[in-house]
Amino acid sequence: MRLQDKNRGNHARRIAELGIFAALALVLSFLEGLLPPLPMMPPGAKLGLSNIVTMFIASSQGLFPALLIAVLKGLFAGVTRGFTAMILSLAGGMLSTALMYLLFRTNKFGLIGVGVAGAFAHNAAQLACAYFLTSRTMLWYAPWLCVLSAATGTLSGLLLCAVLPLIRKLERK
């Protein structure tokens, strides 16, 4: 097999894997939308389960593939929940993905730290975006989102820690 043919096979494999992970992110996002609202949490608060996929791709395949998944998730939010949800999802997804990628590059943060930072960035971008969409400050929402970010980011990091050995095992096959 020539080197060019081997590289083409690796490229096709990476695209196929990215497609599988993108589909997984969309399925997790859809399933999360079916869950009832979290008690005592702000309206629209979600667990962020699909961010586990974005986090994994940012750590393993790089910034561009992770941003691609974030954009697909944002477009999916637009199709399933409307324009405002799409804008908020895109803003949060893009900022959190970029930050998670940068934190992975430093090798100074574990999965839980990266998950929490990504959740904070996601919520901060959504708050800023909501301000620009409504011309109203939403700072009263920030304390709730800080608590939620710490909890959901920790959950994302823990879940990725739990499934990472399985993903690595599948990658070797």
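**Reading pockets, burial and a salt bridge**

Author: Ser29 has a relative accessibility of 13% and so counts as buried; buried means under 20% relative accessible area, exposed over 50%, and partly exposed in between (1.4 Å probe, protein chains only). This is a predicted model, in which local features need pLDDT of at least 70, side-chain atom pairs count only at pLDDT 80 or more, and totals for chains, interfaces and linings use all residues. Residues are numbered from 1 along each chain as its sequence is written, and side-chain values use heavy atoms, with hydrogens and water left out.

Reader: Where is Ser29, and which residues does Ser29 touch?

Author: Ser29 is in helix H1; helices (H or I, at least four residues) are DSSP runs, numbered from the N terminus. Leaving aside residues up to four places away in sequence, Ser29 touches Ser50, Phe76 and Arg81, where contact means heavy atoms within 4.5 Å.

Reader: In which elements is confidence lowest and highest?

Author: pLDDT is the predictor's confidence in each residue, from 0 to 100. The chain has a mean of 88, with 92% of its residues at 70 or more. Confidence is lowest in H1, at a mean of 83, and highest in H4, at 96.

Reader: What is a pocket, and how is its volume defined?

Author: On a 1 Å grid over the protein atoms alone, a pocket is an open set of points where a 1.4 Å probe fits, with protein on both sides within 12 Å along at least five of seven lines; lining residues have an atom within 4 Å of a point. Volume is the space filled by probe spheres set on the points. The largest pocket here has about 940 Å³. Its lining has 42 residues, and Gly44, Lys46, His122, Asn123 and Gln126 are the closest to its centre. H5 gives the most to this lining, with 10 residues.

Reader: What lines the second largest pocket?

Author: That pocket holds about 340 Å³. Of its 16 lining residues, Phe21, Leu24, Phe56, Ile167 and Leu170 are the closest to its centre. H1, H2 and H6 each give two or more residues to the lining.

Reader: How many salt bridges are there?

Author: Side chains of opposite charge can pair when their charged atoms come close. A salt bridge is a side-chain nitrogen of Lys or Arg within 4 Å of a carboxyl oxygen of Asp or Glu. The structure holds 1, between the side chains of Arg13 and Glu17 (3.0 Å, N to O). Arg13 and Glu17 are 4 residues apart in helix H1, so about one helical turn separates them. Arg13 is partly exposed because its relative accessibility is 39%.
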